[in-house]
Amino acid sequence: MADAVRTQGLFKRFGGQVAVGGVDLVVPKGSFAGLVGPNGAGKTTTLSMITGLLRPDGGLVEIDGHNVWADPVGVKADIGVLPEGLRLFERLSGRELLLYNGQLRGIPLDEVRRRADELLRIMDLVDSQDKLVVDYSTGMRKKAGLAAALLHNPRVLFLDEPFEGVDPVSANTLVEVLRRYTASGSTVVFSSHVMDLVERLCDWVSVMNRGQIVAQGPIDSVRRGRTLNEAFLDLVGVRGTGEEGLSWLGSSTS
Amino acid sequence: MVTLFVRLKLRLVRGGLRGDTIRQIGFGVSVALAVLAAVSGFLLFSLIRLAPDDVALNLGIAAFTLLTVGWIVVPLLAFGLDETLDPARLALFPLTTRQLTTGLFAASAAGPWPLASLAALAGGVAGLARGPGGVLLGVVAVALEFALCLVASRAITTALSGALRSRRGRDLLAVAAVAVLLLFQLPNLLLNRGLPGDPARMLEGAAAVLRWTPPGLAAHAIADGGLIGVAELIALGMVVVVVAWLWIVALQRALVRPDSSTAAGAGSVRRSWSGRFLPGGMLGAVVAKELKYARREPRGRITWFTAIVVTGVVMFSTRGPGGGEGAAFAVWPACLAALMVGLQAANSFGIDGRSLWMNAVVFSGARDLRTDLAGRHLAIAIIAVPLLTVVALFAGLVAGSAVWALAAAPTAWGVLGVSLGVGAVSSVILPYTYPERLNAFSGAAPGQGGQAFLASFGTMFGTGLLALPLVVPVLLGAYWLAVLAVPYGLLVAWAGRRLASSIGFNRLPDLLAAVSRPT
C-alpha cells in the first residue's frame, strides 16, 4: 500500500528559531491520522508546508507520490485544506463561498450547486447559508471551511485544529462527515491536542515535539497499553508537576 | 490608583515598542512631532497677542474650539491604538466607577499628545490675558478646557466603544470618516471658488457663534479677566462635570452590557443575480467575488468613493477664474480619475488578506494566477468604465463642451488599462497587508508602511510613465490619438498580467505571508 503523505527531512526556520527540524511524516492511504503535539511543536508549520502554503527551507514532501513543490499540478487538485485560524472570505455568504470554491476549481456550476446544497444540508448550515461568513460563529466557520475543503472530493484532506472552539453538536457533525469520507478509502490528516478525540477517531497517530516526530504508527503501537494521553505525556516529557509553590492557592484555612 | 493607571499606560506603550524598530522609530517621530506641536502651538498662540484685541479673542475662540473638536474626532478614527481606551478590558477588576474614572482620566492625560495640547492651550494665557486677573483666570480656564477635551473624548469613545467593536458600527464609521475628510476639504474648495467677503469677516461671524460654546467660554474668560470671566468659568466647570457624569454613566453601561460584537443578528444577503451574465469557471468566479467585495467591503467602497471625490474636487478647483477652458480640461480630470481607480489594483491581493490561501491551494500554474488577475481587472473595469464615462462627460460639461468627452473617455479607459497592468506587477512584487482596523485610511500593517508607500507610488509613477506617450499628445490637441488609447491600455494590462503571473506564481507562499501579517 502506497503512502498518502510522506515527508523527508522537512525543515523550516523562522529567523534564528527552528520551527520544524527534519520531520519525516508518514501517513498510509485510507487512514484517519492524527498529528498531535503541544503548542509550538510545529504542527501548523508542518501542515502548511505539506499543503504548499509555506515554502520549506529543506526537505521533500510527497502526496500520492507527487512532489508538492516540484509538481503542484499533480497535487493541488487532489488535496483539500482547512488551515489554522478561521480564514475564509469574510464578505461572501456561506453558499457563495462554496460556489466560489467550486468554480475556482473548474467544477461545472450546476454540479457545484448540487454539491454545495448537499454539503450545507449535512453541515446544518441551511438556515445561515445566505449570511456573510464574517457573522458566523466559530463552529459555523469550521463547518463552512470543511465543506469548502470537501467540495472537490479530494483524496487527501488536511485539517489544522478542526475541532478547536467547536461545540459538541457541530463537532459531532464534523466527525460523522469525516468518518464517512475515510470509510470510502480517502485519507484525513488532522492536528489536535485533544487526546481523547484523537484516540476515539484515529487509526494512525504521529506525535510531534519541538519540531520533531517523536513517535509514529498505528495508534495501538504508539499507545502500548496506556491511554494516549499517558503515552503522549511520556513522549513529550512532563514539564514541572506544579506541586511546589502555590501554597496559598485553595480554600484551606491553615 | 492614579499612579497605577499611569504606570499601566506607560508600560503598555513600552511593551508595544519592544523589539520592533519600525514602531520605535514611529514613536520617536510621534514624540518629536508632539514636542514640535507643543512648542509651535504655544508660540503661535502667544503671537495672537500682537493682533488687535477683538481679532485676538476671535482667533482664540476658534483655536480652542478646533482643539476640542479634534480631541473628539481623532481618537474615534484611531480607535484600537490605545489599550487603556477600552473599559471592557478592565471590567473584571474590582474597581469602583470613581476609581475607574479618575484612573482612565489620568491615563489618557499621560501621553505626548495630551501634554502637547496642554502646552498649546497654555499659550492661550500668554496670548489672550490682559492683566493679572486674566492670567489667574487663564490658568483655571486652560485646566478646565484641557479636562473638557479629555472627558468629552473619553465620553464619546466609551459610549461608542460597543458599537465600534461590531462590524456594522465600524463599516458605518469608516464611511463617516470619508465625510469628515470631505469637510476638511470644504474650506479649501470655498477659498478656490472665491468666497464672498474676506476671511476676517468670516472669522468674526464664526466666533460670534462659537463664543457661547464651552471652549469659547474658556477663551473669552481669559481675555475678560473680570467677574464675567469668573461666571464663564463656573459655567465651563459645570459643563465638564456634566460631561464627566455622562462618561461615568456610559462607562457603567459599557461594563455590564454584553459586548455587541458577540451578539448575532446580522441579516442575510440576497443571492446575486449578476452571476448569470458572467462566464463560468475561474474567471467568472473571481469577477463575481470581486464585485461582491466592492459592494460589501467598506475598504473597497472607500477607495471608489475617494476616487470620485478627489476627481470632483480637482475638477472644480482647477476651473476657477484663473483656470483655463478647453478639451484638455476635460481630458485630464478623467485621466486622474482613471489613475485613482487603477491604484486600488496596486495591491490586488491585499483585500483578500488572510483568505488568499483559498486561491493559493487551487492555483497549480502561472496560468491560474493570470486568470485570477484578469478576473480582478475585469471586475474593476465593469464598475470603472461606466463611471469614467460619466466623469468624462461631466468634466467635459464643466470645461465647456460635452463633445470633449469623446476624447476624454477613451483616454481615461486607456489610462485605467495601463494602471491595472502596472498594478498587477506591483501586486506581486510589493504585496502588503491591509489592516483590518476601523481606520480605513491607515495604509498597511505595522512594519509594512515602506512597502505600501513604494507600491502605490511605484504604480503611480509607472502608470504615469507608460501613459505619457498616450496622454500628452491628446492633451496637446491630437484628439484622434484617443482612438488608440483603449488598445494600448488593453495591451499594457495584458502584458502586466503576464509578467505578474510568471513572477507571482513562484512567489505565491511569500505573497500569502505578506498579505496575512497580523495587524
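Good morning. I shall begin with the interface, where 33 residues of chain A are in contact with 39 residues of chain B. Please bear in mind that this is a predicted model. Together, chain A and chain B bury about 3300 Å² between them, and carbon and sulfur atoms account for 59% of that area.

Three salt bridges are found across the interface of chain A and chain B. In a salt bridge between the two chains, the side chain of K292(B) meets that of E96(A), at 3.9 Å from N to O.

Which helices of chain A each supply at least two residues of the side that touches chain B? They are α2, residues 72-76, and α3, residues 94-104. The largest share, seven residues, comes from α3(A). By class, the side of chain A that touches chain B comprises 16 nonpolar, six polar and 11 charged residues.

I now move to a helix pair within chain B. Two packed helices are described by the angle between their axes and the distance between the axes. Helix α5 of chain B, residues 112-128, packs with helix α9 of chain B, residues 214-224, at an angle of about 35 degrees, and their axes are 9 Å apart. The crossing of α5(B) and α9(B) is right-handed.

As for the residues involved, α5(B) contributes G124(B), V125(B) and L128(B), which meet A219(B), I222(B) and A223(B) of α9(B). This contact has five nonpolar residues, one polar residue and no charged residues. Thank you for your attention.

Definitions and conventions
Residues are numbered from 1 along each chain as its sequence is written. Chains are lettered from A and ligands numbered from 1 in the order in which they are written. This is a predicted model: local features need pLDDT of at least 70, side-chain atom pairs count only at pLDDT 80 or more; totals for chains, interfaces and linings use all residues. Side-chain values use heavy atoms; hydrogens and water are left out. Contact means heavy atoms within 4.5 Å. Buried area is the accessible area (1.4 Å probe) that two parts lose on being put together, summed over both. A salt bridge is a side-chain nitrogen of Lys or Arg within 4 Å of a carboxyl oxygen of Asp or Glu. Helices (H or I, at least four residues) and strands (E, at least two) are DSSP runs, numbered from the N terminus. Ala, Val, Leu, Ile, Met, Phe, Trp, Tyr, Cys and Pro count as nonpolar, Asp, Glu, Lys and Arg as charged, and the others, Gly among them, as polar. Axes are lines fitted to C-alpha atoms, for helices over the stretch in contact, and angles run from 0 to 180 degrees between N-to-C directions. A crossing is left-handed if the near helix is turned anticlockwise from the far one by less than a right angle, and right-handed if clockwise.
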